[in-house]
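Subject: The structure I promised you

Hi,

Here is the structure we talked about, with the sequence alongside.

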Amino acid sequence: INSLIGAVAYGFDKILIEQFDKLESLGIYGFALIAVTVLEIFFNAVNNAFTPTIFRYLKESFHEKAEVIESIVFLIILSVIIIAIVIIGLFYPMLNLFIPENYHLSGKYVPILVCAFFWRALTGIKSYSLFKEKKTKYFLLNQSSILISIGLIGYFGYQFYGIMGIIYAVYFSKLIEFIIMNIISNKVSKLPIRMRNLILMIVLISASSFFISDFNYDHPNIYLIYFIPLFTFILTAPILLQKEFKIIFHLIKNRKEIL
């Protein structure tokens with residue numbers, strides 16, 4: 001049941017576009033999802049590489065290895081953030097150079113869709129505690145929340161903003177999914193991971209992505225505008241994520257002993 005609900009939920013954005021708009025719009029939206037697919041493949045590869053180590057520590061030495069678990073998660077999430085902001089910065093220039101003009105509208109969708117994946121990645125991290133405690137039945141609430149939120153927000157969003165309303169629905173449904181999973185996982189078994197600064201960074205990058213999605217392509221500095229999330233990260237990371245970077249550098253430096 002959970003898998004069926006999840007399958008419908010994660011494809012419901014396409015169903016909404018197909019029902020409310022033209023097939024051409026669905027094709028443009030599908031092209032924008034290429035950027036998210038690249039990010040998802042990267043996240044799955046990195047996450048799968050570290051998951052056995054994380055679960056071993058969670059089961060065998062939860063408290064003793066708390067800092068190691070936290071450092072691995074920081075490495076995964078920061079890697080995703082860096083790849084994401086590079087994708088956002090390069091997508092429209094590459095689009096303008098190599099892709100036919102009728103697909104250029106996808107450049108407005110990509111920044112928000114990519115940022116929506118941040119919440120999906122955090123949800124994946126938070127789900128560790130459910131697997132650890134064998135409470136996977138709670139995923140039914142998780143998947144149902146996506147289906148309901150994207151359906152409601154997508155429907156009303158389209159009435160006011162067209163396709164962009166559905167894009168907003170994708171973002172906020174992923175955010176709602178994370179909030180629900182965060183509450184559930186903390187009640188089941190709170191992980192030794194301090195995500196506050198990472199979440200704040202994601203909010204800042206998301207805000208800049210919403211900002212650039214409103215720009216007209218005729219803007220003289222449109223290429224630079226798509227690098228605003230990258231500039232935001234470069235300017236704020238040394239202050240906001242100073243502790244996180246130190247923990248990651250320690251992990252990399254001592255990876256043979258730690259991992």
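Below is what I found, starting with how to read the values.

This is a predicted model, so local features need pLDDT of at least 70 and side-chain atom pairs count only at pLDDT 80 or more, while totals for chains, interfaces and linings use all residues. Residues are numbered from 1 along each chain as its sequence is written, and side-chain values use heavy atoms, with hydrogens and water left out.

Let's begin with helix 5. (Helices are DSSP runs of H or I with at least four residues, numbered from the N terminus.) Helix 5 covers residues 106-126, which is 21 residues, and it reaches 31 Å from its first C-alpha to its last, close to the 30 Å expected at 1.5 Å a residue. That expected span is 1.5 Å times one less than the number of residues. Is helix 5 enclosed or open? It is largely enclosed by the rest of the structure, because 20 of its 21 residues are buried. Here, buried means under 20% relative accessible area, exposed means over 50%, and partly exposed is in between (1.4 Å probe, protein chains only).

Helix 3 (residues 23-60) holds E40, which is partly exposed at 38% relative accessible area. The C-alpha atoms of E40 and A121 are separated by 8.5 Å, although the two are 81 residues apart along the chain.

Next, the rings. A search of the whole structure finds 20 aromatic pairs. Rings of Phe, Tyr and Trp (its six-membered ring) pair if their centres lie within 6.5 Å; planes under 30 degrees apart count as stacked, over 60 as edge-to-face and the rest as tilted. One of the pairs is F43 with F117: the centres are 5.7 Å apart and the planes are at 80°, so the pair is edge-to-face. This pair links distant parts of the chain, with F43 in helix 3 and F117 in helix 5, 74 residues apart. Both F43 and F117 are buried. Y171 and F172 are edge-to-face too, since their centres are 5.3 Å apart and their planes are at 85°. Y171 is buried at 5%, whereas F172 is partly exposed at 35%. Ring pairs also join Y171 and F172 with Y161, Y168 and F210 into a cluster.

On to charges. Side chains of opposite charge can pair when their charged atoms come close. How many salt bridges does the structure hold? There are 3, each one being a side-chain nitrogen of Lys or Arg within 4 Å of a carboxyl oxygen of Asp or Glu.

- R194 pairs with E70, with the closest N and O atoms 2.6 Å apart. R194 is in the loop between helix 8 (163-188) and helix 9 (196-212), and E70 is in helix 4 (residues 66-98), 124 residues apart. E70 is buried at 3%.
- E177 meets R120 at 4.0 Å, N to O. E177 lies in helix 8 and R120 in helix 5, so the pair ties together parts 57 residues apart in sequence. E177 is buried at 0%, but R120 is partly exposed at 28%.
- E133 meets K132 at 2.6 Å, N to O, and E133 is partly exposed at 32%.

Notes: Helix = DSSP H or I, 4+ residues; strand = E, 2+ residues; numbered from the N terminus.
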